[in-house]
Amino acid sequence: MDLEKSYQQLLDRITENYADYRAGLLLKDRQELIDGADRIVKTAEVFEYFTKRPLLETEVSYFLNFQNPLEVATDRWEDCEFELDALGAVLAETADKAEDLTLYPLAADVPENRPDGLQKFVNVDLGTIFPQIRAQKTAFYQNDLNYVLDTMRDGIATDDPAKRNFVVIFRQSGVDCLKERDMFIAGTRSYNLCQYYHRHTREPVLAYSVELLGDGKDGLRGNLYQQDQHQMAVFAERAASPYTDVTVTFFGGKAVRIPEKEYNYETIPGLKYHYGDILDTRNEADDESVVQGALRREHERRERMPTGHFAVHVQELEKARIQTEADRLAAALQSLTEPNTPDKTHFMAEVSPYFLPLASQDDMYRLFEKVRDQVKQPMYIAQAEGKRGLYFFMRREEPAQEQKPSIKQQLAAKSVPGDRPAEKGKDISRGAR
């Protein structure tokens, strides 16, 4: 690898290190930040040095050894009592001595592929691709998606980032639209829903962050980012600021900020009486800088995600949907110890009512093949008497065991002395002439 490529690789790693470091600061309380102020300054100085000053080839090669070269360099810089101009000499000496190769995690120890496998899809038509995602997940209350798209069309008409960034969650029964900013204000609807799908349900959902770009002749455009709902909820819980107030804006232009506990269905009529109809509401946090810091960290993280092809993504969702149902059915059938049909002649397991509304004829064929390959027993799909839906019926067959012939059979099979089998190919039906 030439020096230019190596240098760019180092810059990318340093930038990612710095983003992760700043994200960690968001999770600290004020006292910890005060106590660690010197370290924060030193880290910023090292980051600036790496990104704005030329490095020697030996320095580039050395620091590329580490998963977190920013930490290595900052540790060295923090131990010194020189001015910033001396930082170059410190780093050059560090690279020359190469003493830290056994003290820090090395880049060579990181797996090549990241385990989450999340991707982003840039400048896509949301009105076209959202129904394709819904077709792989949402069996009931599909019209929820219409409300989601309407909310986004309202948001694209404003310049407020809070109304142009969302998290959309596709579930088996419906689609939820969360305001991304409110996810980092503990106690809001968006925050509570995010935590609910992490803590209180086992249902695997499909979650995507959305950044709106525009709405024109090419449709409602935006950037789409895959999310792991559990990782997303954990970060939101750790980084969120408490919910304190609501700013209510009225059509007449008046804006009133009131405590969030005082804004409810009982107080809203009184507000309308005094100020007129409500135009907009905005949830307020105890510390808005914490919320904005969390949003920056989240945006920086997903910008580093690899770009994917949406058609391939939909195919993977389809395969996963069928495979998940096949695994569930196979496990259900194999766990049965006694026939459970009404006549006690077969084993049966019901196809999920969430799978059937989304399944094409080809999906059902592929599902049957996958279940049969796992169970390895004769089976068929049909309706059960007196029940709704479809069921897999299985007749369990025990493998035939080869029986050892009895002693009488073995003796009968032995040739009698003096008997000679006919020679192969010789016609014994005609006498000799």
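Visitor: If buried means under 20% relative accessible area, exposed over 50%, and partly exposed in between (1.4 Å probe, protein chains only), where does Arg199 fall?

Guide: Arg199 counts as partly exposed, because its relative accessible area is 47%. Please keep in mind that this is a predicted model, in which local features need pLDDT of at least 70, side-chain atom pairs count only at pLDDT 80 or more, and totals for chains, interfaces and linings use all residues.

Visitor: OK, and which side chain does Arg199 meet in a salt bridge?

Guide: Its partner is Glu237, with a distance of 2.5 Å from N to O; a salt bridge here is a side-chain nitrogen of Lys or Arg within 4 Å of a carboxyl oxygen of Asp or Glu. This pair links distant parts of the chain, since Glu237 belongs to helix α10 (residues 229–239) and Arg199 to helix α9 (residues 189–199), 38 residues apart. Helices (H or I, at least four residues) and strands (E, at least two) are DSSP runs, numbered from the N terminus.

Visitor: Is Glu237 buried, exposed or partly exposed?

Guide: Glu237 has a relative accessibility of 35%, so it counts as partly exposed.

Visitor: How many salt bridges are there by that rule?

Guide: The count comes to 26 salt bridges.

Visitor: What about Glu303, which residue does it pair with?

Guide: Glu303 forms a salt bridge with Lys120, and their closest N and O atoms are 3.8 Å apart.

Visitor: What does Arg302 in α12 pair with?

Guide: Arg302 forms a salt bridge with Glu180, where the closest N and O atoms are 2.6 Å apart. Glu180 lies in the loop between β3 (174–179) and β4 (185–186), 122 residues from Arg302 in helix α12, and both Glu180 and Arg302 are buried. They also take part in a network of salt bridges that links Glu180, Glu211, Glu298, Arg301 and Arg302.

Visitor: Changing topic, how many disulfides are there?

Guide: If a disulfide is taken as a pair of cysteine sulfur atoms within 2.5 Å, the count comes to zero.

Visitor: So are Cys177 and Cys194 buried or exposed?

Guide: Cys177 counts as buried because its relative accessibility is 17%, and Cys194 also counts as buried, in its case at 1%.

Visitor: Last one: where does Gly174 sit, and how far is it from Phe140?

Guide: Gly174 is found in strand β3, and with a relative accessibility of 0% it counts as buried. Although Gly174 and Phe140 are 34 residues apart in sequence, their C-alpha atoms are 6.1 Å apart in space. Phe140 has its place in the loop between α7 (126–134) and α8 (144–156), and it is partly exposed because its relative accessible area is 34%.

Notes
Residues are numbered from 1 along each chain as its sequence is written. Side-chain values use heavy atoms; hydrogens and water are left out.
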